[in-house]
Amino acid sequence: MKENIKYIQDYKLVDDYLNGDKESGKKLYEKTYAILKNYIYKYTANNIFDSQDQEDIIEDTMYESIRILQRYNAKKCAFSTFVVGITKKKILEKARSKATVFKHEFKEEFANELIERIPDEYSNPEYVLIKKEEIKALQHAFQQLSEDHRNVIQLRKFNKVSVKQVAQFMGKSESAVDSLYRRAIIQLKNNFKKIY
């Protein structure tokens, strides 16, 4: 069977580690750690993830790779590729969890941003009331969007994340993210027109 294994060194280290040889596990992860860390820092270097998030992703990836180590198949890929696959999922999970936090922050932040744009000459009570109604309608229109639409608007518009980074987080191509963003804005405008 070993003659069919493409990544024999990784296979041996994983097999030995699963059979209780901690030194093999140490070698396996020392070999993979630099690749893992570089990958995480490359794809999380933006204004969504801070250094604590990056460390959390590294820790979660390492834990998950040990938890499912018996699934590693040395016939298909190098161990580092196996770990990077887990890393992609962990980055997406972290991005989604942060997007959930952003959803809750959105209402307050968005409302404040719109209120700050009200010119002083229009600060009469009637104008402010109208603006507040518009803001509530816009918030309601935003909440009616699909989760993907809300996330792409939140990431692109408010968090100023690049299309490339949003594509990586969402597991889509850049053109798909552009298209999704345009459709999200159109849907937001349509929702707003129905409400207000």
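Predicted model: local features only at pLDDT ≥ 70, side-chain atom pairs only at ≥ 80, totals over all residues.
1. Y72 has 9% relative accessibility, so Y72 falls under the 20% cut-off for buried. The ring centres of Y72 and F82 lie 5.5 Å apart, with the planes at 65 degrees, so this pair is edge-to-face. Y72 sits in the loop between α3 and α4, while F82 belongs to helix α4, so the pair ties together parts that are 10 residues apart in sequence.

2. Look next at F79. F79 counts as buried because its relative accessibility is 0%. Y72 and F79 also pair: centres 5.5 Å apart, planes at 80 degrees, so edge-to-face. The structure holds 4 aromatic pairs. Ring pairs join Y29, Y72, F79 and F82 into a cluster.

3. Now the core. The largest nonpolar core has 45 residues, and F79, F82, V152, I153 and F169 touch the most other members. At least two core residues come from each of α1, α2, α3, α4, α5, α6, α7 and α8. Helix α4 (79-116) gives the largest share, 8 residues.

4. What does I153 touch, leaving aside residues up to four places away in sequence? The contacts are F142, L145, F158, Y181, A184, I185 and L188.

5. Y181 has another neighbour to check. R156 lies over the face of the Y181 ring, at 5.9 Å from the ring centre.

6. Finally, G25 in helix α2. G25 has 4% relative accessibility, so G25 counts as buried. From G25 to D15 is 10 residues in sequence and 9.3 Å in space, C-alpha to C-alpha.

Key
Residues numbered from 1 in each chain as written. Heavy atoms only, no water. Core = buried A, V, L, I, M, F, W, Y, C linked by side-chain atoms within 4.5 Å. Buried < 20%, exposed > 50% of the residue type's maximum accessible area, 1.4 Å probe, protein only. Helix = DSSP H or I, 4+ residues; strand = E, 2+ residues; numbered from the N terminus. Contact = heavy atoms within 4.5 Å. Phe/Tyr/Trp six-rings, centres within 6.5 Å; stacked < 30°, edge-to-face > 60°. Lys NZ or Arg CZ within 6 Å of the ring centre and 35° of its normal.
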